[in-house]
Amino acid sequence: MIQILVSVLMLFGAVFSLLGAVGMLRMPDLLTRLQAATMTGTLGVGFVMLAASVHFQDLGVVAKSLLVVAFLFLTAPIAAHVIARAAYFLPVPLWKHMALDDLKQAIDAQAVDAPSDATKSERGTPPGTTGTSAGQARR
Amino acid sequence: MADEILQWSLIATAVMMTIAIVIVTFCLLRGPTLPDRVVALDLIGTLTAGAIGVYAISQNEPVYILVSVMLAVVLFVGTVAFAYYVQRGLER
């Protein structure tokens, strides 16, 4: 009975991993690709680790599996956010059907508030790294 | 009976994980930009951690779970370091 539960959990994990890979292959631009990769990869590994902790039924293995799952659930969104922010200001090409760019609107509003930095609306320089704060941002 | 189901699902899981890693390796080679490759490398590492978990179940050897733990830790540091250097590169 335990074996069947382990099989089902493991197959769930494999299906999620495969869907993440297919999404990585088919999505049109970096941000959507990042969405597909991060969510499904984390959930796939989570299911596999759950299967391992059910299979071994040992306190140490359960602790290590939960450690993997907790660490991935904590760090995968942070890593995705950091790489997406770095890529947005690189800039990478965005999808041509993209309807709403909230970050661009926010940067434009900031540029209206401080008209001395008129170049801020161009993607290519992150706010806070232009002008006088460049040396400070290098740290 | 239940053991046979476990054996077959282990084979199926290993095949699916391998196909997933091959697809993501193709995405890593295809690019087209540097952050795309970073994301693909991150996903390869995550899938490898899952595949090592499957291998631990198939070998009935719980020590291999520790490899997954270490891989998950190193992966996060690697991705953030890549993002840091991507962002620092554009300040130059």
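**Exercise 1. Determine which pattern chain B follows along the sequence.**

Solution. Step 1: helices (H or I, at least four residues) and strands (E, at least two) are taken as DSSP runs and numbered from the N terminus. Step 2: on that basis chain B has 3 helices and 0 strands. Step 3: read along the sequence, the pattern of chain B is α-α-α.

The model is a predicted one, in which local features need pLDDT of at least 70 and side-chain atom pairs count only at pLDDT 80 or more, while totals for chains, interfaces and linings use all residues. Residues are numbered from 1 along each chain as its sequence is written, and chains are lettered from A and ligands numbered from 1 in the order in which they are written.

**Exercise 2. Compare the radius of gyration of chain B with that of a compact globule of 92 residues.**

Solution. Step 1: the radius is taken over C-alpha atoms, and the globule rule is 2.2 Å times the number of residues to the power 0.38. Step 2: the rule puts a compact globule of 92 residues near 12 Å, but chain B has 17 Å. Step 3: along the principal axes, the C-alpha atoms of chain B fill a box of roughly 65 × 25 × 10 Å.

**Exercise 3. Describe how α2(B) and α3(B) pack.**

Solution. Step 1: two packed helices are described by the angle between their axes and the distance between the axes. Step 2: axes are lines fitted to C-alpha atoms, for helices over the stretch in contact, and angles run from 0 to 180 degrees between N-to-C directions. Step 3: for α2(B) and α3(B) the angle is about 175° and the axes are 9 Å apart. Step 4: angles under 35 degrees count as roughly parallel, over 145 as roughly antiparallel, 65 to 115 as roughly perpendicular and the rest as oblique. Step 5: α2(B) and α3(B) are therefore roughly antiparallel. Step 6: the residues making the contact include Leu34(B) and Val38(B) of α2(B) and Leu71(B) and Phe82(B) of α3(B).

**Exercise 4. Identify the elements through which chain B touches chain A.**

Solution. Step 1: two residues are in contact if their C-beta atoms, placed from the backbone, lie within 7 Å. Step 2: 45 residues of chain B are in contact with 51 residues of chain A. Step 3: α1 (2-30), α2 (34-59) and α3 (65-89) of chain B each give two or more residues to this side. Step 4: α2(B) gives the most, with 15 residues.

**Exercise 5. Locate Val24(B) in the largest nonpolar core.**

Solution. Step 1: a nonpolar core is a set of buried Ala, Val, Leu, Ile, Met, Phe, Trp, Tyr and Cys residues joined through C-beta atoms within 7 Å. Step 2: a residue is buried if 20 or more other C-beta atoms lie within 10 Å of its own, exposed if 12 or fewer, and partly exposed in between. Step 3: the largest core has 56 residues, and Val24(B) is among those with the most contacts inside it. Step 4: residues up to four places away aside, Val24(B) touches Ala21(A) and Met24(A), and also Ala40(B), Leu43(B), Ile44(B) and Leu47(B).

**Exercise 6. State whether Asn60(B) is buried or exposed, and describe its phi.**

Solution. Step 1: Asn60(B) sits in the loop between α2 and α3 of chain B. Step 2: Asn60(B) is exposed, because 8 other C-beta atoms lie within 10 Å. Step 3: most residues other than glycine have a negative phi. Step 4: Asn60(B), although not a glycine, has a positive phi of about 60°.
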